[in-house]
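The sequence and the model are shown first.

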Amino acid sequence: MIEVVERVLQWRAQGKRCSLATVVAVEGSGPREPGALMAVNEDGEVVGSVSGGCVEGAVVTEALLRLDAPEPILRSFGILGTETPKEATTLAFGFSDDEAVAVGLTCGGTFHILVQPEPPGYLDRLAEALQEDTPFVIATVYSVNEDLDSYFVEENRAVVPPAVGASMLILGDGEVLGSLGNADLDRVVARDAAGVLQQAQGTRRSYGRRGQSRSREVAVVMAVSAPPPTMLIFGAVDFSDALAQAAKLLGYRVVVVDARAVFATEARFPKADEVVVAWPNDYLTTWGASLSERDAICILTHDPKFDVPAIEAALATRAGYIGVMGSRRTQADRVSRLVTQGIAVEEIRQRVCGPIGLDIGARTPQETAVSILAEIIARRERRLAGSLSESAGPIHAEGAMTW
């Protein structure tokens with residue numbers, strides 16, 4: 001995202017025209033989520049990706065055609081030899097199946113991509129937000145009911161309806177740049193964007209021309225850029241270092257916590273964003289309220305005087321994942337201790353993964369890190385985590401539009 005925006009700004013400074021392609025929806029399986037970007041300039045230079053390769057050529061061609069076009073266009077790229085269901089496509093995306101482009105997607109999905117002849121005017125502010133890790137939502141109109149007139153009169157004033165491609169940038173502090181067409185719709189969408197930011201999960205919504213919630217005249221996609229999720233790792237052991245390194249690859253902000261100052265050092269955990277000397281339960285008492293369902297707690301201490309109080313404190317948070325390392329016998333002992341503290345067995349079974357990780361035969365710290373992260377992903381996606389070759393149904397669940 002940063003690379004695309006910065007390159008577009010460079011092209012603009014050089015006086016080069018460019019088009020911007022944005023994934024607004026994916027049906028079925030696909031390698032990129034809504035919000036994925038590609039930019040193409042008048043010289044045919046390309047930055048970014050909207051499909052991981054399978055439709056890039058077709059999108060580049062469309063983007064170059066858009067340079068001389070007066071308005072954005074929404075294109076569907078589907079499986080060669082098949083058609084997107086007309087009723088669902090027309091209802092959700094505003095075009096019929098004869099407008100879909102069959103390009104032979106090997107992933108089996110259908111991409112809906114908005115191609116704009118001119119990037120939005122708020123790119124400079126967006127670049128600053130990306131550099132500063134400021135959370136934001138980009139709301140873009142991707143479909144407008146064809147029955148809407150070019151303007152309409154309401155309360156003795158002319159109001160121009162939204163147009164496909166109109167977008168707004170809503171920052172975490174409430175600052176709003178751009179417009180979807182009129183102040184009433186902008187106000188409602190900005191309000192909804194605040195909720196999207198809080199949940200850190202993008203969405204698609206329909207509105208009336210002035211933001212009426214029960215109307216389907218205007219379809220808007222909201223893509224969110226939120227602060228990275230946090231992974232708290234309790235226990236300054238070799239498994240913790242391997243997990244910290246692997247978690248960074250998935251975009252986590254990693255904090256390693258241990259009460260033993262001799263072990264909890266930045267030199268031993270160079271990939272961690274923060275290394276804290278504290279008792280796990282004390283740390284969670286101070287910072288636990290800031291955790292959300294996106295965050296993970298991994299307790300790798302192997303010591304009852306550390307891990308039992310840590311589990312108890314972790315259960316008091318909203319963390320989406322709580323995992324504890326140790327044998328089955330050790331876990332049974334922990335459960336017994338927690339029950340004596342008044343915690344229900346059912347709550348422990350539902351929220352605490354112990355022994356931690358998927359059963360893939362992991363032995364080394366690095367393999368164990370893969371096992372743990374795989375379990376975190378599986379629980380987040382509500383999957384049983386079997387082999388794809390031995391399962392049926394969609395490869396990807398309905399995904400979050402998160403950048």
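In this predicted model, the largest nonpolar core has 27 residues. A nonpolar core is a set of buried Ala, Val, Leu, Ile, Met, Phe, Trp, Tyr and Cys residues joined through side-chain atoms within 4.5 Å. Buried means under 20% relative accessible area, exposed means over 50%, and partly exposed lies in between, for a 1.4 Å probe and protein chains only. The residues with the most contacts inside this core are Met231, Leu243, Cys298, Leu300 and Ile376. Two or more residues each come from strand 14 (230-234), helix 6 (238-249), strand 15 (253-258), strand 17 (296-299) and helix 11 (365-380). Helix 6 gives the most, with 5 residues. Helices (H or I, at least four residues) and strands (E, at least two) are DSSP runs numbered from the N terminus.

Which residues does Cys298 touch, leaving aside its neighbours within four places in sequence? Cys298 is in contact with Met231, Leu232, Ile233, Phe234, Leu243, Tyr321, Gly323, Ile356, Ile372 and Ile376. Contact here means heavy atoms within 4.5 Å. Another core, of 24 residues, lies apart from the largest one and includes Leu284, Ala310, Ala313 and Ile322.

As to the conventions, residues are numbered from 1 along each chain as its sequence is written, and side-chain values use heavy atoms, with hydrogens and water left out. Since the model is predicted, local features need pLDDT of at least 70 and side-chain atom pairs count only at pLDDT 80 or more, while totals for chains, interfaces and linings use all residues.

The chain as a whole has 11 helices and 19 strands. Of its 403 residues, 48% are buried. Among contacts between residues at least 6 apart in sequence, 61% join residues at least 24 apart.

| Helix pair | Angle between axes | Axis separation |
|---|---|---|
| Helix 6 and helix 11 | about 55° | 8 Å |
| Helix 8 and helix 9 | roughly 55° | within 10 Å |
| Helix 1 and helix 4 | about 145° | 10 Å |

Axes are lines fitted to C-alpha atoms, for helices over the stretch in contact, and angles run from 0 to 180 degrees between N-to-C directions.

Helix 6 and helix 11 pack at an angle of about 55°, which makes helix 6 oblique to helix 11. Angles under 35 degrees count as roughly parallel, over 145 as roughly antiparallel, 65 to 115 as roughly perpendicular, and the rest as oblique. The crossing of helix 6 and helix 11 is right-handed. A crossing is left-handed if the near helix is turned anticlockwise from the far one by less than a right angle, and right-handed if clockwise. On the side of helix 6, the contact is made by Asp238, Phe239, Ala242, Leu243, Ala246 and Ala247, and on that of helix 11 by Pro365, Gln366, Thr368, Ala369, Ile372 and Leu373. By class, this contact has 9 nonpolar, 2 polar and 1 charged residues. Ala, Val, Leu, Ile, Met, Phe, Trp, Tyr, Cys and Pro count as nonpolar, Asp, Glu, Lys and Arg as charged, and the others, Gly among them, as polar.

Helix 8 (residues 304-315) also crosses helix 9 (residues 328-340) in a right-handed manner. Pro304, Asp307, Val308, Ile311 and Glu312 of helix 8 meet Arg334, Arg337 and Leu338 of helix 9. Their contact has 4 nonpolar, no polar and 4 charged residues.

Helix 1 (residues 2-13), by contrast, passes helix 4 (residues 123-131) in a left-handed crossing. The residues of this contact divide into 8 nonpolar, 1 polar and 3 charged.

Some single positions also deserve attention. Ala25 is in strand 1 (residues 18-27) and is buried, at 1% relative accessibility. Ala289 lies in the loop between helix 7 (280-287) and strand 17 and is exposed, with a relative accessible area of 73%.

In the backbone, a cis peptide bond joins Gly354 and Pro355, with omega about 0°. Asp133, in the loop between helix 4 and strand 7 (136-144), has a positive phi near 60° although this residue is not glycine. Arg382, found in the segment after helix 11, has a positive phi of about 55°.
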